[in-house]
Amino acid sequence: MAREQTAVLTGGAREIAPATGRLGVMLVGLGAVSTTFIAGVENVRRGRALPIGSLSQMATIRLGKRTEKRAPKIKEFVPLADLNDLVFAAWDPIPDDAYTAAVKAGVLDKHEHLEPIKDFLQNIKPIPAVFDQYYVKRLQGSNVKRGKNKRELAEQLREDMRKFKNSAGLNRLIVVWCASTEVFLTPGPAHQSLAAFEKAMEQNDQSIAPSMLYAYAALMENVPFANGAPNLTVDLPVMERLAEDRHVPIGGKDFKTGQTMMKSVLAPAFKARMLGLSGWYSTNILGNRDGEVLDDPESFKTKEESKLGLLEHILQPDLYPELYGKVYHKVRINYYPPRGDNKEGWDNIDIFGWLGYPMQIKVDFLCRDSILAAPIVLDLALFFDLAGRAGLSGIQEWLSFYFKSPQFAAGLYAEHDLFIQHTKLKNTLRWMMGEEQITHLGIEYYEYAEK
Ligand SMILES: NC(=O)c1ccc[n+]([C@@H]2O[C@H](COP(=O)([O-])OP(=O)(O)OC[C@H]3O[C@@H](n4cnc5c(N)ncnc54)[C@H](O)[C@@H]3O)[C@@H](O)[C@H]2O)c1
């Protein structure tokens, strides 16, 4: 077996550059998710709240055998950036500072979580965005960059990144897309190679969406990029290749938060017990700006594709045609302003059991969209930064745990089951640190145990 392959299988700690200095977290979009994330981190830093929902901050990781009783917190096991070392910046076509944007988003309690950090939030003013209404029909913004073509706009984004790094005295950067969902696009000739992409930018080709310009700019600056929306963005041959060539980690798409998170828990349970599924009807009402943007059929189509994919992958109808060969799967999103960010996701699930007898499950998740998304942004920022320092590049499949439509290498398929994703994430951390993989075999406690 080749030496390298042996190292991969048996572990042996990877060289990881220490998390010295400050980490700049650049967010595309300064809306509900971004402001809930930034204000949340600042409240946690001031000891005013707990980072609930964040694995990087709250979870432990078991090491070695169960009898060893070693279970440090993840943040004590791997060298992550400290919350006190995070510095924030964001782009947005709407000129509101982070305080005003957070108040308008209406997610966090103004008195309890925004007023006490008002000065801090007011200091975060959005950098002019690369924005084009063609790609997000329901938005208008005045805080927008001008340039003679898309390539020039991408260069301006690169300049923003360098400026932020220098002026804030940062050691490293990370970019997370938390901006609106763009209209549905499919990969075309302009996305196949760097030369084609750069030419298309110069020609203002319509297949180059703003999110792709941010991704290109980040990769050219050697900055890891995570995509929290379902747009293609880094899910393109040109971006995958560029990330590999420049040794930069990338990943997406679409934060896995409410309804889809529940789906990726329930569907594996049905399959594990060999229960059949005949239909799954999911509907949502939400009244935030994201809901308004998704009310446009073209943005909804992007989201719909992202939400629909997982059942087929989890249930494998080709292997189990009697159980999953005829599933009627429908997803609806309805913009309903009175609800604001407090979404309601209903699921009606028609399953069948022994001898084909039908049963129903109803899930009514009264969730808060941005409260579920904010800890994901934090974990992605910290883990993508870790991946970069550990020399990992290209798609970071081990972070699929956080995404509705995880990116994967050619020839594979996406792993959607939340618990497989969770095991993969933790085993990757063990592997990075040269610890044994946990297979859950456990036979050593019985067959070979000293009686
Ligand atoms: N909250 C969740 O549970 C969740 C889950 C999965 C995905 N998402 C995705 O995360 C994104 C953010 O959600 P949100 O609730 O914060 O939405 P939001 O509408 O409150 O914020 C998005 C912000 O992005 C800005 N924006 C749009 N185009 C931009 C561009 N080209 N450059 C810079 N900024 C731009 C908008 O002006 C807006 O302020 C959405 O795409 C949403 O679909 C959210």
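How far is the sulfur of C178 from the closest cysteine sulfur? I looked this up first.

I am working on a predicted model, where local features need pLDDT of at least 70, side-chain atom pairs count only at pLDDT 80 or more, and totals for chains, interfaces and linings use all residues. Residues are numbered from 1 along each chain as its sequence is written, and side-chain values use heavy atoms, with hydrogens and water left out.

**Cysteines.** I find the sulfur of C178 17 Å from that of C367, its closest cysteine sulfur, which is too far for a bond. My rule for a disulfide is a pair of cysteine sulfur atoms within 2.5 Å. By that rule I count zero disulfides. I then checked burial (buried is under 20% relative accessible area, exposed over 50%, partly exposed in between, with a 1.4 Å probe and protein chains only). C178 counts as buried at 13% relative accessibility. C367 is buried too, at 5%.

**Ligand shell.** I get 31 residues around the ligand, and the closest are V33, D92, V130, A179 and R289. By class, 17 are nonpolar, seven polar and seven charged. Here Ala, Val, Leu, Ile, Met, Phe, Trp, Tyr, Cys and Pro are nonpolar, Asp, Glu, Lys and Arg charged, and the others, Gly among them, polar.

D92 puts a polar side-chain atom 2.7 Å from a ligand oxygen. A polar backbone atom of A32 is 2.9 Å from an oxygen atom of the ligand. A179 has a backbone N or O atom 2.7 Å from a ligand oxygen. The protein covers 98% of the 830 Å² of accessible area that the ligand has on its own (Shrake-Rupley method, 1.4 Å probe). The elements giving two or more residues to the shell are α2 (32-45), α10 (210-220), α13 (289-294) and α16 (369-389). The largest share, three residues, comes from α16. I use DSSP runs, numbered from the N terminus: helices are H or I, at least four residues, and strands E, at least two.

I looked at β8 (residues 344-352) and β9 (residues 358-366), which run antiparallel and are joined by nine bridges. Strands pair if DSSP finds at least two bridges between them. I351 stands opposite M359 in β9. Five residues lie between the strands of this hairpin, and L355 in the turn has a positive phi of about 65°.

Terms used: Near = heavy atom within 4 Å. Polar contact = N/O pair within 3.5 Å; in protein donor to acceptor, adjacent residues only side chain to side chain.
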